[in-house]
Amino acid sequence: MPVADYLVTIGLEVHCQIKTRTKMFCGCETSFADDVNVHTCPVCLGLPGALPVLNEAAIELTILTGMLLGCRTPEKVVWDRKNYFYPDMPKGYQITQLDLPLCVGGEVPLYDHNYPKDVQKKIQRPGKRVRLNRIHLEEDVAKSTHLANSTLIDFNRAGTPLMEIVTEADLESAEEAFSYLKSLQQILVAGGVSDADMEKGQMRCDVNISVRKHEEDPLGTKIELKNMNSTSAVRRAIHYEVARQCEVLDEGGQLVQSTRRWDDALGETQEMRTKEDAHDYRYFPDPDLLPVLTGDYVDKVRSLVPELPHEKGERFQSEFGLTAYDASVITSDIELVGYFEKAVESTRAGGKKVANWLINNLLGLLNEKGVEFESMPIDPVQLGSLLNLIEDGMVSNSQARELLGELWNDPDQDVQGLAKEMGFEPADVGEIDQLIDQVIEQNPDKVSEIQAGNEKLVNFLTGQVMKASGGKANPKIVTEELRKRLLS
Ligand code: ZN
Ligand code: MN
């Protein structure tokens, strides 16, 4: 039976570092890329007798994440010890939350623009939302680097506040998992709770996968892929693992509940351990930490909930008349949103035109020149001034595009001054009037068609006037003038 005939069920557990200045249970700084083992103390080294002190900022940011995703926060949460023996956690247990986590329920919207480019046209469930089971707060462990005969351990990461965001088994394909990770990332960044950069290990992901033949069958044997650290690798790994599981079943074999790792170089998953040697973590409440009553934190955080990308997108559509596509392009990147909003503030042209110029011209130029958005030479206020020139009839659209090209090369120039310098001054009103007369005279048949009700032909006449003016006339004004003369 081909892979396509199996039903795929996927659940994700995402570990995500929270953006706090200090660690979860001590005052050491959180850091990335500093010298190894410089941000340590008896607490995060797990020395005997050291006592943990809660980081309130981490609790607040986790509750904020829950609010962003529509979770509920229980009135009381507790801390548990998850016991295991490994050098990345010398005290012998990780402090985490088992039965009473900070956030329960909620959901993550899968933004359509976050699906891989090659499936954009065939998204199976546009607008899908993935239910969350819970978000709990715990401490990150030290970072191990395995060499041929030894292992290096860096404790800078040990004790960094870590959220574990757990979905229900709602995902049905590798592409949905891909969009989930990208969408979650965008929401966390927009909320300011995490930088969620997978390349820096700030976000890591475990993937639970099973397959079955029919909707009414019980879920298949669950197999876990551990510690994935790239969105595209997650996609590749799921495709591989689904095909592997289907093949085993097709050949009459049985799957064993197990944990596997993805080898990106070989393009295959490999078994790490099966259920028989699964850990017994012997969870129990941590006697060093009191339960937390969440009420005050919830009240404090409520006012910090920002507008999320999809909410912004909906507002841009209703407020400015953007298309759903344009809104999704702009809200896909927090930098782009900031640019757009600033440009809108600085022009009379309105959001719709800003969006058109941003997407069709500026992003086009960036693409053409292979420049990242962060290094865009033209600032949003300049774009605003440029659009004002068009609004005021000082330059035509095509002249404005030329201006944009000049500005790109020399971004410090004053937009209005540059327009003058380039000879982009509005054509003489009398001259345009004459051209309009001329075009009306030369096209009696079109004129009578327009007057008989075919108003679309006005655009044709506008085109003729534009041509006659050598592109100098402002098409908006010409059209208005033509309508006034022929239709009123
Ligand atoms: Zn410390
Ligand atoms: Mn965890």
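Visitor: Which domains does the domain assignment of the protein give?
Guide: Domain bounds come from an automatic or database domain assignment. Here the assignment gives domain 1 (3-301), domain 2 (309-421) and domain 3 (429-487). A word on reading all this: it's a predicted model, where local features need pLDDT of at least 70 and side-chain atom pairs count only at pLDDT 80 or more, while totals for chains, interfaces and linings use all residues. Residues are numbered from 1 along each chain as its sequence is written, chains are lettered from A and ligands numbered from 1 in the order in which they are written, and side-chain values use heavy atoms, with hydrogens and water left out.

Visitor: How many residues does the contact take from domain 1 and from domain 2?
Guide: Contact means heavy atoms within 4.5 Å. Domain 1 supplies eight residues and domain 2 six. The C-alpha centres of these two domains lie 38 Å apart.

Visitor: What area do domain 1 and domain 2 bury between them?
Guide: Buried area is the accessible area (1.4 Å probe) that two parts lose on being put together, summed over both. For this pair it's about 570 Å², with 68% of it on carbon and sulfur atoms. On the domain 1 side, Tyr111, His113 and Gln186 lose the most area to domain 2, together 62% of what that side buries.

Visitor: How many salt bridges are there between domain 1 and domain 2?
Guide: A salt bridge is a side-chain nitrogen of Lys or Arg within 4 Å of a carboxyl oxygen of Asp or Glu. Between domain 1 and domain 2 the count is zero. By this rule the count for the structure comes to 34. One of them joins the side chains of Arg125 and Glu172 (2.8 Å, N to O).

Visitor: Which residues coordinate the manganese ion (ligand 2)?
Guide: Donors are N, O and S atoms within 2.8 Å of the metal (3.2 Å for Na, K and Ca); water is not among the atoms, so sites may look incomplete. For this ion the donors are His15 (NE2), Glu138 (OE) and Glu164 (OE), at 2.0 to 2.2 Å. Their spacing in sequence reads H-x122-E-x25-E.
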